[in-house]
Amino acid sequence: MTMVHEPTPVRADLSVWPASAADAPPTGLAVGGVPLAEVADRFGTPVYVLDEAEVRDRCRTYRAAFPDTEILYAAKAFLCRAMIHWVDEEGLGLDVCSAGELEFAVTAGFPPDRIVLHGNAKSPQDLATALRLGVGRVVIDSPSEIARLAAAVGPDGHQKVMVRVVPGVSAGGHDKIRTGTDDQKFGLSIADGYAAHAIARILDQPQLELTGLHCHLGSQITSVKPYLVAVRRLVGLMSRLHEQHGLVLPELDLGGGHGIAYRPGEPALDLTALAGRVRAELATACAAADLPVPRLLIEPGRAIAGPAGVALYRVLSVKRTGDHVFVAVDGGMSDNPRPALYGVRYAPRLIGRPGGAAPAPVTVVGRHCEAGDVLAADVPLPADVHPGDLIALPVAGAYHLSMASGYNLVGRPPVVAVHSGTARLLVRRESLADVRNRDVGL
């Protein structure tokens, strides 16, 4: 697919869209040199559009900001074979949370030694797959995993591990995505001594090589300060381990959670400031503890994939009820549960035709049988929006398809990559035939 119209420069109100987003009269908007209306016509709706150049540029931004750091893309944000290849070619590692993500990555050609396996409740299959494929590190999240992993490795085997610790730092955009505090399911607490006790048990297992500490504070963090507090507390634990066991750990993983803007004007984490201040804090804390500075690892996911994605929907109906106008589209919570889960706010935009009327507040809702199926509440759209119109939702590259469900059997949308004026299908639309093929009973 090639462009028919030359795009005009990006306007300020496109700040949360991919850098390639540009007005493309008369169809309204292009990404990656491809008019979004053409993508909708060719591939149908709902459809996810992923800007390959934006993904690659964000990988390179991380490498430039953190030149001496191992950067692991968090696969849970979004994963497909193309994404695996892009991340590999840009020199990043992978952070996976299941045997499925791990095997998918390795069979797509990603080197297993550059993969880290996470999970607060790893199944026997998760651990067996990690050992069979030769995963780089396993992050131990609970005491029971220590004996289970050691037994699976065997007396003559070897596996690098890290320990996920809880530094007691509250950070993140919503209660459900704050994971650095002592009152949730992840990791082992520094404060109550469970982390130190687990580490002592690991040191008694010669087939397990402890390479470092790991923490993940939460998601949608827009301030540097929580990471600095975490660094100080993790180095404090490293110092105590050195005093008790003579242990010097070569790695420190600060996880991800780097916040991005979903609407113009919202804050985002400053990566340059994060990199500089974390390095300085780590150097200072290690010098005070008389420890060598460990190699840093980070795990961005949303901050790489999120702003590169756009979701396209077709308007099915417009309903006026009292003072409210409901614009219903052909997708919803089955392809984007985040508004229902976390109260996320988006900034949708009418595309495919010029807006013929002044903006008016509407609520964009999905097609599903839930009152909570709301994609964007009280957002401005042209007052003449009508069935058949196209609506584009930016910042849709992370935790949309990866969290999509089979609710109402509408089928999960396809993923289309755009790059240099061309569009190609990455993931096809889920069909009713796919559903029937899984249903083997009667």
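# Close-up views of a predicted model

**View 1. The largest nonpolar core.** Of the 134 residues in the largest nonpolar core, those that touch the most other members are W17, L36, Y73, M83, L213 and L312. Helix α8 (residues 225-245) supplies the largest share of this core, nine residues. Another core lies apart from it and has five residues, among them L72, V116, M162 and L297. A nonpolar core here is a set of buried Ala, Val, Leu, Ile, Met, Phe, Trp, Tyr and Cys residues joined through side-chain atoms within 4.5 Å. Buried means under 20% relative accessible area, exposed over 50%, and partly exposed in between (1.4 Å probe, protein chains only). Helices (H or I, at least four residues) and strands (E, at least two) are DSSP runs, numbered from the N terminus.

The model is predicted: local features need pLDDT of at least 70, side-chain atom pairs count only at pLDDT 80 or more, and totals for chains, interfaces and linings use all residues. Residues are numbered from 1 along each chain as its sequence is written, and side-chain values use heavy atoms, with hydrogens and water left out.

**View 2. The surroundings of L312.** Which residues is L312 in contact with, leaving aside its neighbours within four places in sequence? They are L36, V39, A40, T45, P46, V47, V49, I351, I391 and A392. Contact means heavy atoms within 4.5 Å.

**View 3. Strand β14 and its partners.** Strand β13 (residues 309-321) runs antiparallel to strand β14 (residues 324-329), and six bridges pair them. Two strands pair if DSSP finds at least two bridges between them. K319 stands opposite F326 in β14. The hairpin of β13 and β14 has two residues between the strands, and G322 there takes a positive phi near 60 degrees. β14 also pairs with strand β16 (residues 359-365), in the parallel sense and over three bridges. In this pairing, A328 stands opposite V365 in β16. In a regular strand the side chains alternate between the two faces of the sheet.

View 4. D389 lies in the loop between β17 (374-382) and β18 (390-394). Its relative accessible area is 4%, so D389 is buried. The side chain of D389 makes a polar contact with the side chain of R353 (2.8 Å). A polar contact is a pair of N or O atoms within 3.5 Å; within protein, one must be able to donate a hydrogen and the other to accept it, and residues adjacent in sequence count only if both atoms are side-chain atoms. A polar atom of the D389 side chain also lies 2.9 Å from the backbone nitrogen of H386. Not counting residues up to four places away in sequence, D389 touches Y313, R314, V315, L350, R353 and D384.

R353 and D389 also form a salt bridge, with the closest N and O atoms 2.8 Å apart. R353 sits in the loop between β15 and β16, and D389 in the loop between β17 and β18, so the pair ties together parts that are 36 residues apart in sequence. Both R353 and D389 are buried.

View 5. A salt bridge is a side-chain nitrogen of Lys or Arg within 4 Å of a carboxyl oxygen of Asp or Glu. By this rule the count is 22 salt bridges. R56 forms one with E52, the closest N and O atoms being 2.9 Å apart. These two are four residues apart in helix α2 (residues 52-65), so about one helical turn separates them. R56 counts as buried at 14% relative accessibility, and E52 is buried at 8%.

R132 and E103 meet through their side chains in another salt bridge (2.9 Å, N to O). This pair links distant parts of the chain: R132 is in helix α5 (residues 124-133) and E103 in helix α4 (residues 99-107), 29 residues apart. R132 is exposed, with a relative accessible area of 53%. E103 counts as partly exposed at 30%.

**View 6. Aromatic pairs.** Rings of Phe, Tyr and Trp (its six-membered ring) pair if their centres lie within 6.5 Å; planes under 30 degrees apart count as stacked, over 60 as edge-to-face and the rest as tilted. By this rule there are two aromatic pairs. The ring centres of Y62 and F66 are 6.2 Å apart and their planes stand at 15 degrees, so this pair is stacked. Y62 and F66 are both buried. The rings of Y262 and Y346 have centres 5.5 Å apart and planes at 85 degrees, so this pair is edge-to-face.
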